[in-house]
Every structure is written in structure tokens, then in C-alpha cells.
Amino acid sequence: MPTATRGHVRAAAADDGADAPPHKRQKTESHEGGPALAEREREPERDAVLWFEDASVVLAAENKLFKVHAGVLGHHSPVFKELLSAPALAALEERLDGCPVLRTNDKGASLARLLRIIYDGVQSDWFASGVRLDFADLRRVAIVAAKYQVPAVLDEVKSRLRAFYPTASLQAWRAVVFDDESGADGSRGTLAIRTWDSIAVIGLCRLLKMPDILPVVLYECCSKVSAANLVRGVTCGDELVRLTEDGLLLCLRARDLLVAETARMSNDFIVKPQAGCTSPQSCATKLEQLRFQVINADVASSPNPLDAWIPYTAAQYDDAEKKPCALCADALMGSLEGAVEAVWRRLGEILDLPHWPPNNAGEQAGGDNGVGNAPRAS
Ligand SMILES: [Zn+2]
């Protein structure tokens with residue numbers, strides 16, 4: 001088996017009907033609507049850690065209070081630098097514990113997490129390369145870090161997302177997707193992004209201006225997320241995240257095109273017995289059997305042309321009865337590889353997205369067809 005590995009087979013199987021569990025009813029309104037009433041009315045609560053006696057300002061977010069240092073926050077964020085400048089603080093009327101109070105419309109837990117990352121620095125699990133971060137955590141931090149423009153935190157978000165969605169080559173993408181360390185739910189590497197979370201990643205790509213990874217994210221969304229999740233959205237943390245109407249249309253259209261690609265490939269990639277084959281009759285029969293098997297199986301209608309094939313070709317290699325001679329088997333795998341590579345190169349065209357194929361990873365300006373709503377930091 002040249003390319004198909006255990007990981008291939010397991011990942012392909014795990015993706016079948018990758019339905020997110022039905023999303024729970026939201027505990028609070030989405031941040032677009034501001035915190036729920038109950039949240040606002042709750043007694044303000046001083047953060048147990050982020051309350052420094054020698055600090056200079058109190059930040060209030062929902063019912064959470066943080067007594068922090070204006071200089072420290074300004075050092076990490078140009079937005080805080082301006083918000084917490086001496087004149088800006090002098091203009092605040094509300095005071096608590098001897099400090100001016102700045103009220104923000106952030107989610108309290110999100111701001112708490114960002115502040116802890118800033119204060120803890122390299123000691124924070126955020127920057128620990130061996131720690132697999134949960135996507136909901138990454139997303140909520142990314143939203144506030146984008147609002148306050150905290151470069152060190154944003155760089156970490158982007159670097160983890162780029163590692164999760166490699167664009168450099170088909171081989172680089174496969175190495176990550178089919179890593180034996182990846183979870184059955186799609187989590188891999190340094191991030192636990194479940195397959196259906198790709199719906200929320202699309203919005204994050206817009207917020208963080210990362211159109212370069214969007215084709216890979218959108219491919220995973222279109223090929224592996226159930227129609228129910230595409231339409232109804234997914235729960236991320238305590239928030240329901242949905243595609244925009246345009247994004248949904250684009251996904252549905254792309255799904256059709258991806259299915260057409262798979263169907264076309266199912267007919268095209270199977271080779272004839274090769275010149276020099278010493279058992280042409282037997283190989284012809286085995287290859288025809290494979291064609292029959294592929295065309296009649298679900299694979300021919302899968303929206304996943306990049307890796308839907310693996311179980312079939314793997315079976316072909318594992319079963320001596322089905323395996324053609326080495327010469328024909330190599331030609332078959334080479335043909336499949338070429339067909340998959342061709343689809344990879346045409347992803348941008350199939351998904352109607354610019355910036356593809358990438359010549360190198362990196363931020364590029366440009367639109368992304370408004371696939372997903374960029375989340376707002378409230
Ligand atoms: Zn042969």
C-alpha cells in the first residue's frame with residue numbers, strides 16, 4: 001500500500017455521516033445580541049487571579065471584573081494602549097477600589113482568557129506546542145484578540161490554524177488529515193477541531209483575513225459536514241454558529257461539483273493491464289471488478305474526491321484474490337494519485353475561490369465570496 005495507511009482507512013470511515021450532536025439550546029444570546037439579561041443582572045464578580053492591588057484600571061465585562069495594569073495591556077495591544085491612555089482613563093467617571101472602571105461589551109470568560117494569556121505569557125498553555133487546544137477556546141480568544149489587536153496571540157491562532165489546514169501540497173494536507181494521532185472526530189495536531197467545526201472556522205478565516213487556507217477549510221466543510229449541520233449550524237462553546245445564506249449556497253453548489261468530480265474519477269482512474277503484464281487476463285478481470293465495485297458503491301457519489309477512494313484501493317491491496325500484478329497495481333495507484341492531485345490543483349476553481357493553488361502560504365489580501373460571517377467581538 002504505497003499511500004493508503006491505517007490512518008487513511010480510519011479517517012475515511014470516521015467521516016461518514018459526521019453529524020454533530022444536535023446543538024444544545026444556547027445558554028445566552030449570541031454575542032451579536034449582547035449578554036443575556038440574567039448574565040447582566042448577576043452580581044459583579046472580581047476575578048480571583050486577575051485582581052492586582054497595585055493595578056491601575058478595572059475592566060468590566062458582563063459580570064466579571066478585572067483589576068489590571070494599563071501599561072502591561074498597552075504593551076501588548078495598540079487598542080488597549082489607546083483605550084487605557086492617561087487622558088482616556090481620566091475621562092472615565094465610574095471608579096472602583098481606587099481605579100477608573102472601563103466597561104467593555106466582551107464576554108467575561110473570553111476577556112478573562114485573553115488577559116490570563118497576556119499575563120501568563122510563555123507559561124500559558126496557549127503557547128505550549130504540546131497542548132492540543134479546543135477549537136471553541138481558540139475561537140473565543142481569537143475574537144477578543146482580533147478586537148484588541150494582540151499580535152502575539154493572533155500569530156499563535158494563525159499558526160495553529162495553518163498547521164491544521166496545510167495548503168502547501170496535497171501530501172502536506174494528507175500528512176495532517178491522516179496522521180495516526182488524529183482523533184475520530186477530526187481533531188488533529190495541536191487543535192481539537194471537530195469535523196463540523198469547519199463551519200465556524202470559515203467565519204474565523206474572514207475575521208483573521210486568512211483567505212489562503214479557506215479553500216482547504218471549505219473543502220472539508222463541503223465534503224465532510226452533514227447537510228443538517230450546514231443548514232442548522234453548529235454549537236461552538238455557548239454559541240450557535242451558522243453559515244451565511246451565500247455561504248450555504250456556495251457549499252451546496254460545491255458539494256454537487258465535488259460529487260461530480262468523484263463520479264468522473266470513478267470512471268477514469270482504473271487502468272487497463274499494463275504493457276509487460278504477465279497475467280493480462282487475470283489483471284483485466286480484477287481491474288474490471290474494481291471498476292464495478294467502485295461505481296456501485298457509495299464512493300461514486302461522495303463529495304470527498306480527495307480521499308473517498310482509500311478503503312477501496314486498500315481492500316484491493318490487502319486481498320490477494322483481488323490484487324492485480326505488481327506492475328498493474330502500481331499503474332492503478334499512480335493513476336489514482338494523478339487524478340486526486342488534479343482535483344487538489346483545481347480546488348479553487350471547483351470552490352469558486354481565489355488564492356489557489358497557493359504558491360506559498362501566507363496572508364494575502366482579497367475577497368472570499370462572503371462564505372461565512374466573520375464573528376464580531378460583540
Ligand atoms: Zn498485470
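Start by selecting V217. Leaving out residues up to four places away in sequence, V217 touches Y165, S198, V201, I202 and C205, where a contact means that two C-beta atoms, placed from the backbone, lie within 7 Å. Before you click on, note that this is a predicted model: local features need pLDDT of at least 70, side-chain atom pairs count only at pLDDT 80 or more, and totals for chains, interfaces and linings use all residues. Numbering runs from 1 along each chain as its sequence is written.

Now widen the view around V217. The largest nonpolar core has 92 residues, and V217 is listed with L114, A145, I199 and L218 as having the most contacts inside it. Such a core is a set of buried Ala, Val, Leu, Ile, Met, Phe, Trp, Tyr and Cys residues joined through C-beta atoms within 7 Å. Buried means 20 or more other C-beta atoms within 10 Å of a residue's own, exposed means 12 or fewer, and partly exposed is in between, with C-beta atoms placed from the backbone. Helix α7 gives this core its largest share, nine residues.

Next, show α7 together with α6. Helices here are DSSP runs of H or I with at least four residues, strands are E runs of at least two, and both are numbered from the N terminus. How do the two helices α6 and α7 cross? Their axes come within 9 Å and cross at roughly 80°; axes are lines fitted to C-alpha atoms, for helices over the stretch in contact, with angles from 0 to 180 degrees between N-to-C directions. At the crossing, S110, L111, R113, L114 and I117 in α6 meet R140, V141, I143, V144 and A145 in α7.

Follow the chain out of α7 and stop at Q149, in the loop between α7 and α8. Q149 is not a glycine, yet its phi is positive, about 50°. Most residues other than glycine have a negative phi. Q149 counts as partly exposed because it has 14 C-beta neighbours inside 10 Å.

Last stop: α8, residues 151–164. Color V153, E156, V157, R160, L161 and F164, the buried residues of α8. Look down the axis of α8: these residues fall within an arc of 125°, so they line one face of the helix; the arc is that of the directions from the helix axis to the C-beta atoms. Turn to the other side and you'll find P151, D155 and S159 exposed. Finally, bring back what covers the buried residues, including α6, α7 and α9 (170–177).

How values were computed:
Expected span 1.5 Å × (residues − 1).
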